[in-house]
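Let's take a walk through a protein model together, one stop at a time. Keep the sequence and the 3D view open as you read.

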Amino acid sequence: MCGIVGYIGDGSAKEAILTGLKNLEYRGYDSAGIAIGKKDKILLRKESGELENLIAKTQKSDFDGTIGIGHTRWATHGSPIRENAHPHLSADGRVAIVHNGIIENYIELKHMLTEEHGIIFKSETDSEVIAQLIGIYYEGDLLEAVRAAVKCVRGAYAIGVMAADVSDTIIAVRKDAPLIAGIGEGCNYLASDIPAVLGHTRDIYVIENDEIVVITKDDIKIYDEDMTRVSRDIMHVEWDAAAAEKGGYEDFMKKEIFEQPRGVKETLERRLTEGDEIWLDGIELSKEEIENIDRIYIVACGTASYAGIQGVTLFEKFAGIPSESDIASEFRYRNPLVNERTLCVCISQSGETTDTLEALREAKRKGARILSICNVVGSSVARESDDVMFTWAGPEIAVASTKAYTTQLICLYLLALYMGRAKGTLPDAEYRSVLAELKQIPDKLTEVLKTEDQIKTLAEKFYIKEQVFYIGRGMDVGTAFEASLKLKEITYINSFAIAAGELKHGTIALVRNQTLFFVLATQDKLYEKMLSNIEEIKARKAYVVSVAKEGNTRVAKVSDETIYIPNCADDVAPILAVVPMQLLAYHIAKMLKRNIDKPRNLAKSVTVE
Ligand code: AGP
């Protein structure tokens with residue numbers, strides 16, 4: 001979740017780096033810093049808190065140069081104070097580094113550097129050991145010093161390095177943390193993420209694990225760990241930097257909620273042929289290969305894992321393959337029964353979530369085929385998977401995931417339908433009817449978004465609540481979990497989601513006068529059961545807001561309020577039902593004046609375990 005930016009060229013390093021860091025704000029940070037090389041010196045500025053604090057400290061015109069590195073930090077080792085912000089300097093001040101990731105053996109390295117070299121550390125971070133190691137090894141050859149230093153460290157890293165007496169080169173190295181180099185005119189860039197450089201260039205190199213990059217103003221050279229030159233194709237980024245801006249909406253989250261009809265349409269329709277056959281965009285999954293799959297594990301975190309819960313129902317129903325959804329942070333520690341016949345479906349918006357990546361690697365080690373659903377081209381998940389299905393949602397900036405979730409669902413429907421059809425187990429009529437329902441979803445989403453005024457009125461009523469419950473059955477359970485997470489993360493209201501049938505096994509003890517329940521009741525076949533659940537909680541004086549399909553008037557009779565979604569098949573209802581819940585969380589957060597796009601303690605991409 002930290003961001004790295006580097007610049008070398010004829011222009012202002014300060015401007016390029018600060019713009020880059022601003023473009024990376026969505027990654028989340030709690031301090032920031034910048035180092036500029038000038039006349040054999042390294043000038044350093046760091047500040048905790050908002051980037052504006054750092055910008056204010058860099059205003060003087062003599063704080064600038066033609067080479068520099070910058071960083072936004074999200075604390076892992078050491079509190080979010082100025083001293084812990086990057087860049088970190090070597091003890092003699094000759095070397096500056098920025099680092100994303102975690103150095104696992106930093107305690108022993110710190111001990112060695114203190115005992116054997118008398119180094120006095122200035123920060124509590126693991127990252128500072130890298131600066132000190134390079135400082136120790138640096139005897140005129142910066143590249144060799146970086147190589148020697150990374151040989152000592154264990155862990156994950158993307159590191160950018162500069163030295164006071166090397167005014168023409170930035171060195172960078174990567175292992176298990178994202179890193180790119182941007183190709184400019186009369187300048188070149190280094191960054192952890194593509195948006196950092198998009199204002200300046202669309203041509204980039206994606207740096208792979210264990211590679212080392214030597215960047216000068218006219219050249220970018222990539223080497224493998226043995227210093228063999230690597231040739232890399234230039235990736236031309238098509239997406240527009242403007243797409244990452246708010247586009248007239250107050251917040252990215254609102255913009256992204258309203259982008260769902262388009263994102264879903266793109267993700268769906270670009271994969272359908274004229275005859276309504278599913279085209280998996282380059283993924284080769286033959287009938288034999290599908291028949292060979294005896295189990296599907298879906299692994300993901302947070303919102304993506306709730307998409308995964310829906311995936312289980314879809315794979316079992318349409319493809320007839322036993323499936324399980326697991327939280328990525330638990331998966332690899334329970335020795336999962338994965339083998340060559342397992343398909344592991346990893347879902348990740350960012351493609352950089354460490355837990356998901358590690359689960360992916362564990363499944364890969366055990367022989368599974370890895371098929372990922374991911375929103376970021378060139379991300380680690382995308383690159384390490386055997387196959388990738390991209391969600392064409394466009395960049396998702398708000399920490400709270402919305403359009404990534406609904407487009408992840410679309411990918412899961414397509415994959416499950418494709419597999420069922422290829423195996424011959426899914427009757428043609430069922431296949432065609434589900435596809436027809438899916439094709440209506442973008443328009444129906446537009447209809448759902450029109451409930452915003454009703455939702456806003458509800459938000460005005462409920463924003464003072466301290467506790468909220470979400471219940472549902474069948475595919476509404478996954479929606480309940482996702483709805484509850486949305487409310488929690490952006491409003492900080494305590495919310496709890498549970499399968500409705502489980503209520504009476506304990507949680508119903510919490511129900512009393514005016515306890516607020518959101519009841520997801522979109523599944524026709526479970527409708528009667530949901531009505532009984534509503535009666536159960538109403539009898540204990542709960543306040544019930546239901547989400548039901550248009551035409552289901554019985555639910556309105558037993559509920560205090562009802563939000564209707566357009567009529568649709570049970571199978572596709574989760575894609576619609578989640579949207580009013582996103583809007584509700586959004587409007588409650590708005591009333592509470594929360595920092596909607598960047599909720600406290602959260603970051604967009606969680607690159608630590
Ligand atoms: C969603 O609103 C969250 N902020 C979070 O749960 C997120 O979905 C999770 O961290 C997974 O991220 P990923 O999809 O980028 O892997």
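What follows starts with the overall layout and then visits a handful of places along the chain.

A quick word on the ground rules. This is a predicted model, so to speak of local features we need a pLDDT of at least 70, and side-chain atom pairs count only at pLDDT 80 or more, while totals for chains, interfaces and linings use all residues. Residues are numbered from 1 along each chain as its sequence is written, and side-chain values use heavy atoms, with hydrogens and water left out.

Let's begin with the layout. The protein chain splits into domain 1 (3-238), domain 2 (256-448) and domain 3 (452-591), with bounds that come from an automatic or database domain assignment.

Now look at helix α4, residues 128-137. Helices here are DSSP runs of H or I with at least four residues, strands are runs of E with at least two, and both are numbered from the N terminus. Why is α4 described as largely enclosed by the rest of the structure? Because eight of its ten residues are buried. Buried means under 20% relative accessible area, exposed means over 50%, and partly exposed is in between (1.4 Å probe, protein chains only). The buried ones are E128, V129, I130, A131, Q132, L133, I134 and G135. Their cover includes the strands β5 (88-89), β6 (95-103) and β7 (155-163), along with the helices α3 (106-117) and α5 (142-152). Here, contact means heavy atoms within 4.5 Å.

The peptide bond from H86 to P87 is cis, with omega near 0 degrees, and P87 sits in the loop between β4 (67-73) and β5. K39 is not a glycine, yet its phi is positive, near 45 degrees. You'll find K39 in the loop between β2 (31-38) and β3 (41-48), and at 75% relative accessibility K39 counts as exposed.

Next, the ligand. How many residues surround the ligand? There are 14, and the closest are S348, Q349, S350, T353 and E489; a residue is near a molecule if one of its heavy atoms lies within 4 Å of it. Several polar atoms come together here. A polar contact is a pair of N or O atoms within 3.5 Å; within protein, one must be able to donate a hydrogen and the other to accept it, and residues adjacent in sequence count only if both atoms are side-chain atoms. The side chain of S348 has an N or O atom 2.6 Å from a ligand oxygen, and the side chain of S350 also places an N or O atom 2.6 Å from an oxygen of the ligand. T303 takes part through its backbone, where an N or O atom lies 3.2 Å from a ligand oxygen. On its own the ligand exposes 410 Å², and the protein buries 90% of that; these areas come from the Shrake-Rupley method with a 1.4 Å probe, and for residues only the protein chains shown count as cover.

Let's move to S323, in strand β17 (residues 323-327). S323 counts as buried because its relative accessibility is 10%. A polar atom of the S323 side chain lies 2.8 Å from the backbone oxygen of I321. Leaving out residues up to four places away in sequence, S323 touches I296, V312, F315 and E316.

T391 belongs to the loop between β20 (387-390) and α13 (403-423). With 2% relative accessibility, T391 counts as buried. Its side chain joins that of N375 in a polar contact of 3.1 Å. Beyond four places in sequence, the contacts of T391 include T267, I373, C374, A404 and C411.

What about the cysteines? A disulfide is a covalent bond between the sulfur atoms of two cysteines. The cut-off used here is a pair of cysteine sulfur atoms within 2.5 Å, and a search of the whole structure finds zero disulfides. C346 is in none, with the nearest cysteine sulfur, that of C344, 3.8 Å away. C568 has its closest cysteine sulfur in C411, at 19 Å, so that pair is too far apart for a bond.
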